[in-house]
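Reader: I would like to learn how to read the packing features of a structure one at a time. Could we take each general idea and then its case here?

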Amino acid sequence: MCGIVGLKNFYGIPKKSDQIRVESGLKTQTHRGPDNTRAAVFGTTVLGHNRLAILDLDERSNQPFFDPSGRYALIFNGEIYNYPELKNDLLKKGVQFNTASDTEVLLYHMIHHGEKGLNILEGCFAFAFYDQQEDDLLLVRDQLGINPLLFSIQENEVIFASELSPFKTFLSTWEINTPALNAYFQYTYVPAPDTILVGVHKLLPGHYLKVKGNAIDILQYYSVRDAKKVDLPYGEAVKEVKRKLESAVIKRLNADVPIGTFLSGGVDSSIVSQITADFKTSLNTFSIGFVGNEFLDESAYAKNVAEHIGSRHFSIQLEKEKVIASFQAVLNSFDEPFADSSAVAMYFLSRAAKEEVTVCLSGDGADELFAGYNKHKAYQRSKKPGVLLKVASKLAKQLPGGKRSGQLTNRIRQMKKFGALLQEKWPASYWMLASFISNERRGQLLLQNEPYQSSIKPGKDTLNDFLKTDQEFVLPNDMLKKVDMMSMRHSLEVRAPFLDRELVDFVNGLPEEYKLQGNNGKRILRDAFREVLPDEVFSRSKKGFEIPLHDWIESTWQEVVNPKWFDTSFIEEQNVFSCSGVEQLKADFEQGKEEEATVTMWAFIVFQNWYDRWTEK
């Protein structure tokens, strides 16, 4: 993947200073594309690109990319996996190609098909396509939101970039977006279309922004809600899931650089790694482990799968000393406040993988497609909880603690949340399950506690609608944001076969009992690959990509936490937090009893570090 930065002037040819602004913005995200950086004025636009070379490594494929007539230009972050088919179609139309890149194919595809051709594209992408003759700019984001694209509409221009950081070079003034801040301290991330800044927006997945002259429209070209019902017997559906996922992996093996896979030893990454090993003569796989924390360390399972598929395996073992040495660099990787703590592990995993490969395949998206999270099981159970579960959840509410650090405390945490779930009705139950920080805690901490209202409508009270809401809300804003941010920090491209659009549409059309039946989550996926992987891959319980967060914060406190962040005068000057709320948060964190205090403290530290970096001259 790469990075893009640009602007479109509403009132004529950009000034030289506008190109300098774009070039300055590109410098803030060179990690996204260290192989080539360039900006050029083209009509009323300035288009800039950071290139991470994956296909056709020759400089002829550098961007911005122009057609020979000089009418059209493109800057592109991502991969078009069906570009060979698109290229064949264009060759039949008489198009002559000068490179072997998917960039040139995308340019001519847009020239010939325009907006109508967007939903034909298969891949992960965010791009700007400009027609100088019509003064028409399209900003496009892929169907599932794998690649980010941010924009801001100013009085005289539209500005856009792959990350929030370049906007610091564009904005003369800024202010914190209060509803977005509340969302951050509820979900641990800022959901699209908002960002932490007023006036800067994320383009939603499956949408494009059209600027013609100074007229602006935002239009949708794809939705996971449009999946057609699939009426297949279970056995036939199992075969089709296997066929489609294998096809998705094969599409993502096309590269002129080394490829590997992330391998946790869980169902999703093991399946992707197994398929990849079937089609590559040699494969590098990467996992992460935590020294001294057996509950969270899954590296032994990953090693077993690696031996089964015959990969060259790298197990990155994280010790406190390694974490402390790099923790400030981790914090500085957040272009926007983002407090899903698994991003820390993703930072170290991506850094290690980049030493061997430039592209990694991952298992991202499988849980949201096939009902793999514990919350999906909890949602189903809440419809008919039974007497025992009701009693257990009430008893758990009275117990102290509730953290992910051990088996017993994690069970208490789950039962407490299940008890809260039983008190909610749809769709409030969905937003409660998506939350990590309570309204009570936010009310203590924030000066303005305004409940966040998402534009996403969860639909009907069914598991399939629950999953589609996850695909619209959690997947692009949390899971994919985390992977993009931390992998691109190390110039590593990550590809997600489970987010192949053909597979997504097929699975979304399946009956919900094909995905979750009783306690058997990801049922159809497990059955599709049960015969090719060790039994332990499917029999062990899911833990998730967790880290020993409380321990790591305590260990790195002196190195990364600025005392100023807790100082009364500084907090009053910020005008964001309540002084008493910050004091209470610190006291609760030091006691270490409740996971919510740890999660909130991490969110607070990430925000304060970002705030310091954003306000520095």
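**Reading exposure, rings, helix faces and cavities**

Author: Let us begin with exposure: Ser541 has a relative accessibility of 53%, over the 50% cut-off, and therefore counts as exposed. The model is a predicted one. Ser541 belongs to the loop between α21 (535-539) and α22 (549-560), and its C-alpha atom is separated by 9.7 Å from that of Asn374, 167 residues apart along the chain.

Reader: How many aromatic pairs does a search of the whole structure find, and how is the geometry of the pair of Trp174 and Tyr611 to be read?

Author: The search finds 41 aromatic pairs. Reading a pair takes a distance between ring centres and an angle between planes, where over 60 degrees counts as edge-to-face. The ring centres of Trp174 and Tyr611 are 6.2 Å apart and the planes stand at 75°, so this pair is edge-to-face. It links distant parts of the chain, since Trp174 lies in the loop between α4 (167-170) and α5 (178-187) while Tyr611 lies in helix α25 (residues 595-615), 437 residues apart. Trp174, at 32% relative accessibility, is partly exposed, whereas Tyr611, at 14%, is buried.

Reader: Which class does the pair of Trp426 and Phe466 fall into, and what parts does it tie together?

Author: Trp426 and Phe466 form a tilted pair, with 6.0 Å from centre to centre and 40° between the planes. Trp426 is in the loop between α14 (407-421) and α15 (428-434) and Phe466 is in helix α17 (residues 463-472), so the pair ties together parts that are 40 residues apart in sequence. Trp426 is buried at a relative accessible area of 18%, and Phe466 is buried at 1%.

Reader: Where do charged groups sit over rings?

Author: One case is Arg523, whose charged end sits over the ring of Tyr234, 3.9 Å from its centre. Another is Lys586, which lies over the face of Phe566 at 5.1 Å from the ring centre.

Reader: Which residues of helix α2 are buried, and why do they line one face of the helix?

Author: The general idea is that an α-helix has 3.6 residues a turn, so residues three or four places apart point the same way. In helix α2 (residues 83-92), the residues Tyr83, Leu86 and Leu90 are buried. Seen down the axis of α2, the buried residues fall within an arc of 60°, so they line one face of the helix. These buried residues pack against β5 (72-80) and α3 (102-113), and α2 is followed by Gly94, whose phi is positive, near 95°.

Reader: Is Glu79 buried or exposed, and what is it in contact with, its neighbours within four places in sequence left aside?

Author: Glu79, which has its place in strand β5, counts as buried at 4% relative accessibility. With neighbours within four places in sequence left aside, its contacts include Met1, Asp102, Glu122, Phe125, Glu493 and Arg495. The C-alpha atoms of Glu79 and Arg252 are separated by 8.9 Å, although these residues are 173 residues apart along the chain.

Reader: How many cavities of 30 Å³ or more are counted, and which residues are the closest to the centre of the largest cavity?

Author: The count comes to seven cavities of 30 Å³ or more, and the largest cavity holds about 160 Å³ of space. It is lined by 20 residues, of which Arg141, Pro148, Lys202, Pro476 and Lys481 are the closest to its centre. Helix α18 (residues 474-488) contributes the largest share of that lining, five residues.

Methods
Residues numbered from 1 in each chain as written. Predicted model: local features only at pLDDT ≥ 70, side-chain atom pairs only at ≥ 80, totals over all residues. Heavy atoms only, no water. Phe/Tyr/Trp six-rings, centres within 6.5 Å; stacked < 30°, edge-to-face > 60°. Helix = DSSP H or I, 4+ residues; strand = E, 2+ residues; numbered from the N terminus. Buried < 20%, exposed > 50% of the residue type's maximum accessible area, 1.4 Å probe, protein only. Lys NZ or Arg CZ within 6 Å of the ring centre and 35° of its normal. Arc of directions from axis to C-beta. Contact = heavy atoms within 4.5 Å. 1 Å grid on protein atoms, 1.4 Å probe; cavity = no way out; pocket = protein on both sides within 12 Å on 5 of 7 lines; lining within 4 Å. Points joined across faces, edges and corners; volume = space filled by probe spheres on them.
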